[in-house]
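Biologist: I am new to this structure and would like to learn how to read it. Could you take me through it feature by feature?

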Amino acid sequence: MKKLFLITSLTLLGWLMTPMDARAQYNNWSVGFRVGEPSGINVRKYFGGNHAFDLNIGTYGGLYGTKRSYRSGDYKSVGLTIQGHFLWHTSLTKSESLRAYYGFGGQINNRRYYPPRLNGEYENALSLGGSGVGGLEFFPVSKPYSFFLETGAYVELLQAPFFLSLNTGLGLRYNF
């Protein structure tokens, strides 16, 4: 929590010290990493206007724990996830250094599921569901990178309908 507060404070301080007549550096593509739930490699493609597509490939289970009640049993290990969102974004400042975004998409997960009938043994469970995200992204003026903080939710449709999981994270992207 202290690290999150420090990063947020430094980001806001940098924003306050940014000249308002300069322009931020967001381009066609950005690649980086996301720490949170899920954590992983993040790729974003910006389109004309205020649209983008965001893809995150990584793992989950580190932020909220690796053992959760799931279906009639538990899942107990870090799993693989692929998450994609179509985004709408807008500038919150004249310099475009602070941008807000939100979007919707889907998520595919692979996890080890421990049903009670298998007495400690697991089976691989592939799940599919919808997700939504909202966040803030800070683009330091004349720099090729950006910082972001986002939150959202995942609602599973297959294998455990209406299983809800929070998706939160912060990260860094290189824009080119």
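Biologist: Let's begin with the hairpin of E6 and E7: how many residues lie between the strands, and which residue in the turn has a positive phi?

Modeller: The hairpin of E6 and E7 has six residues between its strands, and in the turn Glu96 shows a positive phi of about 60 degrees. This is a predicted model, so local features need pLDDT of at least 70 and side-chain atom pairs count only at pLDDT 80 or more, while totals for chains, interfaces and linings use all residues. Residues are numbered from 1 along each chain as its sequence is written, and side-chain values use heavy atoms, with hydrogens and water left out.

Biologist: How do I read the pairing of two strands, and how many bridges join E6 and E7?

Modeller: Two strands pair if DSSP finds at least two bridges between them. E6 and E7 are joined by twelve bridges in the antiparallel sense. To find your place, look for Leu87, which stands opposite Gly103 in E7. E6 also pairs with strand E3 (residues 51-60), antiparallel, through ten bridges; there Asp54 has His85 of E6 as its bridge partner.

Biologist: Back to the loop between E6 and E7. Is Ser95 buried or exposed?

Modeller: Ser95 sits in the loop between strand E6 (79-91) and E7, and Ser95 is buried, with a relative accessible area of 0%. The side chain of Ser95 also meets that of Ser97 in a polar contact of 3.0 Å. A polar contact is a pair of N or O atoms within 3.5 Å; within protein, one must be able to donate a hydrogen and the other to accept it, and residues adjacent in sequence count only if both atoms are side-chain atoms.

Biologist: What is a salt bridge, and how many does the structure hold?

Modeller: A salt bridge is a side-chain nitrogen of Lys or Arg within 4 Å of a carboxyl oxygen of Asp or Glu. The structure holds eight salt bridges. One of them joins Arg99 and Glu96, with the closest N and O atoms 3.6 Å apart. Arg99 is buried at 3% relative accessible area, whereas Glu96 is partly exposed at 26%.

Biologist: Which parts of the chain does the pair of Arg111 and Glu156 link?

Modeller: Arg111 and Glu156 form a salt bridge whose closest N and O atoms are 3.0 Å apart. The pair links distant parts of the chain, 45 residues apart: Arg111 is in strand E7 (residues 98-114) and Glu156 in strand E9 (residues 145-158). Both residues of this pair are buried.

Biologist: And where is Arg117 found?

Modeller: Arg117 is in the loop between E7 and strand E8 (123-138). Arg117 forms a salt bridge with Glu123, with 3.0 Å between the closest N and O atoms. Glu123 is partly exposed at 23% relative accessible area, while Arg117 is exposed at 58%. Elsewhere, salt bridges with shared partners join Arg44, Asp54, Glu137 and Arg173 into one network.

Biologist: Now E9: how many bridges join E8 to E9?

Modeller: Eleven bridges join E8 to E9, and the two strands run antiparallel. Gly135 has Glu150 in E9 as its bridge partner. E9 and E10 are also antiparallel, joined by eleven bridges, with Thr151 opposite Thr168 in E10.

Biologist: Which residue has a positive phi in the turn between E9 and E10?

Modeller: That residue is Phe162, with a positive phi of about 70 degrees, in a hairpin with five residues between E9 and E10. Phe162 is exposed, at 69% relative accessibility.

Biologist: How should I read a nonpolar patch, and which element gives its largest share?

Modeller: Patches are made of residues with over 30% relative accessible area and no salt bridge; like charges are joined within 9 Å, and nonpolar side chains (Val, Leu, Ile, Met, Phe, Trp, Tyr) within 5 Å. Here the nonpolar patch on the surface includes Ile57, Leu80, Leu126, Val155 and Phe162, and the whole patch has about 1000 Å² of accessible area, by the Shrake-Rupley method with a 1.4 Å probe, where for residues only the protein chains shown count as cover. E6, E8 and E9 are the elements that give two or more residues, and E9 gives the largest share, three residues.

Definitions and conventions: Buried means under 20% relative accessible area, exposed over 50%, partly exposed in between (1.4 Å probe, protein chains only). Helices (H or I, at least four residues) and strands (E, at least two) are DSSP runs, numbered from the N terminus.
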